[in-house]
Amino acid sequence: MKEIYLDNNATTKVDERVFEEMRPYFCELYGNPSSMHFFGGQVQKKVDEARSRVAALLGALPDEIVFTACGTESDNAAIRSALEVFPEKRHIITSRIEHPAVLTQCRNLTKRGYRVTELNVDSEGRLDLEELKRAIDNDTALVTLMYANNETGVIFPIEEAAKIAKEHGALFHTDAVQAVGKIPLNMAESSIDMLSLSGHKLHAPKGIGVLYVRRGTPFRPLLVGGHQERGRRAGTENTASLIALGKACELAHVHMEEERVRVREMRDRLQRELTALIPNTRINGGGADRLPNTLSIAMEFVEGEGILLLLSEKGICASSGSACTSGSLEPSHVLRAMGVPFTCAHGSIRFSLSRFTTEEEIDTVIRELPPIIKRLRDMSPFGREFLAKQ
Ligand code: PLP
């Protein structure tokens with residue numbers, strides 16, 4: 001069975017052009033870019049090119065790009081650095097709907113005596129900048145807020161938030177893992193100090209990330225040892241993967257405008273048709289500014305896991321808005337923070353599209369999902385009651 005892959009916020013297919021770009025750097029051009037000889041020098045040139053390609057996508061300078069092993073490392077490095085830069089400050093601001101790469105670290109810091117403010121979101125997943133203004137003070141070392149949410153696609157007003165942080169002498173970091181490659185970013189006209197991205201979300205391989213660090217931003221490395229990455233991240237570079245990431249960024253840069261429109265149209269059609277065909281649905285974050293590729297749809301009186309399994313039998317890959325903790329299915333922290341009613345949060349499914357998504361695949365989901373929901377509602381006591389009232 002050929003998969004219909006609509007789980008691109010989890011990970012993406014490596015673009016063939018990206019794969020071809022990295023292929024020679026395993027068995028042929030395997031030199032260490034730090035070596036003095038010509039063989040290492042050839043690789044160093046490609047590393048420089050990759051750095052420039054990533055910088056071009058972000059509107060940044062090449063020396064502001066630090067290669068890391070993943071988005072999680074970039075997030076951890078940014079937070080740890082800010083606290084070391086300001087040892088006298090003991091306060092961090094984040095939001096309740098961050099990815100665990102940020103949230104877990106922030107919560108761990110409370111055990112070490114730091115004050116952490118988790119900003120709320122409204123029912124559409126939107127941030128209230130007034131709450132940020134009230135929370136920030138001279139003790140705030142860092143404000144870290146995600147650019148776009150991985151579950152709902154909702155985009156935060158990051159530039160405004162970064163300005164507020166600057167006004168109060170705090171550093172500003174954004175986890176832009178879901179935003180990079182999907183919407184335009186321009187660090188040249190930004191107040192962001194640090195930004196995380198991850199290769200496998202934009203058609204590069206897993207296990208390569210970047211931390212953007214604005215020129216002049218004080219920074220302390222998480223990994224120390226060799227002098228790679230100008231002393232900001234020790235460890236021999238993952239050359240093949242970073243060269244791949246450079247190519248992926250170049251492709252995103254060239255094709256973003258066209259892809260954004262095409263992907264958004266497919267997402268909007270999926271949303272329109274599913275809400276028309278399935279009664280009692282709600283779009284999580286539907287009233288907010290969202291990434292063009294993400295659709296989180298809540299369907300009352302059904303279990304997300306049941307939907308996923310039945311979709312999977314049809315070859316359709318999506319993800320649910322629940323997290324399996326200690327055997328019980330809890331609605332995700334994102335949907336809970338948005339106050340999505342329990343009956344809806346359980347039946348939430350995320351479809352996330354990519355440049356490889358086709359109209360035919362969207363047609364298949366529109367055909368297959370409504371009967372699956374009907375079947376599950378027929379089986380559930382609440383669902384039967386609901387159907388009886390229809
Ligand atoms: N931040 C966000 C918003 C994400 O969606 C993810 C991955 O799902 C990460 C961070 C972690 O990235 P990585 O898998 O590269 O560690």
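1. Glu229 is buried, at a relative accessible area of 5% (buried is under 20%, exposed over 50%, partly exposed in between; 1.4 Å probe, protein chains only). The model is predicted, so local features need pLDDT of at least 70, side-chain atom pairs count only at pLDDT 80 or more, and totals for chains, interfaces and linings use all residues. Residues are numbered from 1 along each chain as its sequence is written, and side-chain values use heavy atoms, with hydrogens and water left out.

2. Look at the backbone of Glu229. Its phi is near 55°, positive in a residue other than glycine. Most residues other than glycine have a negative phi. Glu229 sits in the loop between strand 8 (209-213) and helix 8 (239-277). Helices (H or I, at least four residues) and strands (E, at least two) are DSSP runs, numbered from the N terminus.

3. Phe301 also deserves a check. Phi of Phe301 is near 65°, again a positive value in a non-glycine residue. The loop here runs between strand 10 (294-299) and helix 9 (304-313). Phe301 is partly exposed, with a relative accessible area of 21%.

4. Next, the helix pair. Helix 9 and helix 12 (residues 359-379) pack at about 135°, axes 10 Å apart. Axes are lines fitted to C-alpha atoms, for helices over the stretch in contact, and angles run from 0 to 180 degrees between N-to-C directions. Helix 9 is therefore oblique to helix 12 (under 35 degrees is roughly parallel, over 145 roughly antiparallel, 65 to 115 roughly perpendicular, the rest oblique).

5. Contact means heavy atoms within 4.5 Å. Helix 9 contributes Gly306, Ile307, Leu310 and Leu311; helix 12 contributes Leu369, Ile372, Ile373, Arg375 and Leu376.
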